[in-house]
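Subject: Structure handed over, with notes

Dear colleague,

Please find the structure below, followed by my notes on what came out of going through it. I would be glad if you read the notes with the structure open beside them.

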Amino acid sequence: MKIQQLSLFLENRPGHLSAICRALADAKVNIVTLSLADTQQFGIVRLIVQEWERARDVLQQAGFVVHVREVVAATVPDRPGGLADILACVEKAGVNVEYMYAFTFQCDGKAVLVFRFDDADKAIVALQAAGQQVLGGSALFR
Amino acid sequence: MPTFEFWNDADSPVHPASAPDYLPRPQLRELQLHRLQVTVARAYERVPLFQQRLIARGVRPPQIRTLEDIALLPFSVKSDLRETYPFGLFASPMSDIVRLHASSGTTGKPIVVAYTAHDLDVWTSVIVRSLAAAGVRRGDILQNCYGYGLFTGGLGLHAGAEAMGATVIPISGGNTDRQIMVMKDFGVTVVCSTPSYFLHLVDEARQQGVDLHALKLRIGVFGAEPWTEGMRQRIQGLADIRAQDIYGLSEIIGPGVACECQCQSGPHIFEDHFYPEIIDPDTGQVLPDGATGELVLTTLSKEAMPMIRYRTRDISRLVATPCACGRTIRRLERITARSDDMLIIRGVNVYPSQIETALLSVEGVLPHYQIVLTREADLDQIEVQVEVTSANFSDEVKSLEALQKRIAGAIERITNIHARVRLVEPNTLKRSEGKAKRIVDQRKMG
């Protein structure tokens, strides 16, 4: 149920993000979702793509430092308290959220969030036990 | 060109060409004095600038009766070569000169240096002695990444490596992909390059999935730029090699003025051809063995372009205590600083090598760095740009900020100045195929 996410180091300079997108476009890799964590000086780009191995190779060849991280995608009921319920069940399991961001599409009327947990396996077990929906690659890369 | 036919034993501890490395000191000093007297007389007769300076001081060549009398002679400096460009310091007619080399000349005119056939033989012999000291043997496959051409590094090292019986690959600098292919496919055992270029090769090899530990590499002969002991340890960890320091400068002969033996305790200076002194850079006073100061070199056998008391701008000290290898020639303390490179930041003296040492003390940081100096509101600012590598990248902001803090803390501990640390993308700092450019000083422009 875990998904491979690509993380890239990026300097805060004009044109640097587009260089990543261009390299993937030239290799005909579609970006399913992207999140950017930025500070004054640098940023970290997090990407989810279907062919993550090929995308990693393409980006490394283009000179980027690329790390692969395992993340979890879960659907969140589109109502007040939807996210609070999810967070409550991972907290109870003693799992920490390192970062999270939203997907750009919805799944059956529910929002999809991407979580980076310090213990992904434990989080998945806790979420599924609580009846939350965890999405695998097949559901994301339609 | 001298050849060494008798020497074909890989186990022989001493190469025959290395014999002068082991001369008893009194004999060495006698040889040095004789050669100094010949060199001074020759320069006086043939080089007008030297003659004028001697006359102005009221000194004549016969006054050189002991080695200590060298202090009577005037210093020469780099600008002497520029001001007499191109051939003004030559002591041989062009008919006797068989080779010219020139520096790249980053500021103004380049400097030109000349060699007679005998000078080339001497150069070859000191390179043989350098490589022999570093542990290179007949049968080694040597990849020479120093630039061939006007730069002295490539051709100088080449001739000596061939003469000692190594198999030389004259690949020159650049074309990193081909360098790595050759290193792997040809079973290269010895690499000669600048230390920063070797690090670049290490990076590239890793990206191509080539494990340097699995190659046959065993020795690296690194020079042409100052590097630190920390850098040596790092390089020796990245590949299974002994990283040996070779020292030289074109004005004196090129590479081969000094080279480390396998004890790695500072380069042995080939004193029978290059007479070393350490001086106080401010007063010009000669300092005793063991004292730190500016290295001054006098060529003792150069015909085409004798250099007398040439101020190298390199900071070092002479180590006269016996070396475990048995060589009697003195050692230089590893040269990590050039007086030209000293930065004065808010009144504090800082050498780039201190920054390098600080960076290397932080886990996972490769010494690809550049120091950028600016002036903001009349205050010097120093920014150290460090490349993010696969080893130190984290996809969490807090970890990268912690890395910046660790680097800044290490720099502050070693230099007492606070530097801004900027993480930059890999391979964005300019790589040297010759000498690394470590400092960008933008203060003069503002």
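Where pLDDT is low, the predicted coordinates should not be read in detail. This is a predicted model throughout, and it scores ipTM 0.79 and pTM 0.79. For chain B the mean pLDDT is 90, with 94% of its residues at 70 or more.

As to how the two chains meet, 16 residues of chain A are in contact with 16 residues of chain B. On the chain A side, the elements that give two or more residues to the contact are β1 (3–11), β3 (42–49), β4 (66–76) and β5 (97–107) of chain A. Sorted by class, that side of chain A has six nonpolar, six polar and four charged residues.

Turning to chain B as a whole, I find ten helices and 22 strands. Its radius of gyration is 22 Å, close to the 22 Å that the globule rule gives for 446 residues, so chain B is as compact as a globular protein of that length. Taken along the principal axes, the C-alpha atoms of chain B fill a box of roughly 70 × 60 × 40 Å. Buried residues make up 46% of the 446 residues in chain B, and among its contacts with a separation of 6 or more, 67% are between residues 24 or more positions apart.

One sheet of chain B deserves a look: it is an open sheet of five strands in the order β11-β10-β12-β13-β16, with antiparallel pairing. The edges are taken by β11 (286–287) and β16 (337–338) of chain B, each of which has a single partner strand, so one side of each is left without a neighbour in the sheet. Within the sheet, β12 (residues 293–299) and β13 (residues 310–316) of chain B run antiparallel and are joined by four bridges, and B:V296 stands opposite B:R311 in β13(B).

Which residues of helix α6 (residues 176–185) of chain B are buried? They are B:Q179, B:I180 and B:M183, and, seen down the axis of α6(B), the buried residues fall within an arc of 95°, so they line one face of the helix. These buried residues pack against β3 (141–144) and α7 (195–207) of chain B, whereas B:D177, B:R178 and B:D185 are exposed on the other side of α6(B). Just after the helix, B:G187 takes a positive phi of about 65°.

Most residues other than glycine have a negative phi, and most peptide bonds are trans. The peptide bond from B:Y85 to B:P86 is cis, with omega near -5°, and B:P86 is placed in the loop between α3 (78–83) and β1 (97–102) of chain B.

Note on methods
Residues are numbered from 1 along each chain as its sequence is written. Chains are lettered from A and ligands numbered from 1 in the order in which they are written. This is a predicted model: local features need pLDDT of at least 70, side-chain atom pairs count only at pLDDT 80 or more; totals for chains, interfaces and linings use all residues. Two residues are in contact if their C-beta atoms, placed from the backbone, lie within 7 Å. Ala, Val, Leu, Ile, Met, Phe, Trp, Tyr, Cys and Pro count as nonpolar, Asp, Glu, Lys and Arg as charged, and the others, Gly among them, as polar. pLDDT is the predictor's confidence in each residue, from 0 to 100. Two strands pair if DSSP finds at least two bridges between them. A residue is buried if 20 or more other C-beta atoms lie within 10 Å of its own, exposed if 12 or fewer, and partly exposed in between; C-beta atoms are placed from the backbone. The arc is that of the directions from the helix axis to the C-beta atoms. The radius of gyration is taken over C-alpha atoms; the globule rule is 2.2 Å times the number of residues to the power 0.38.
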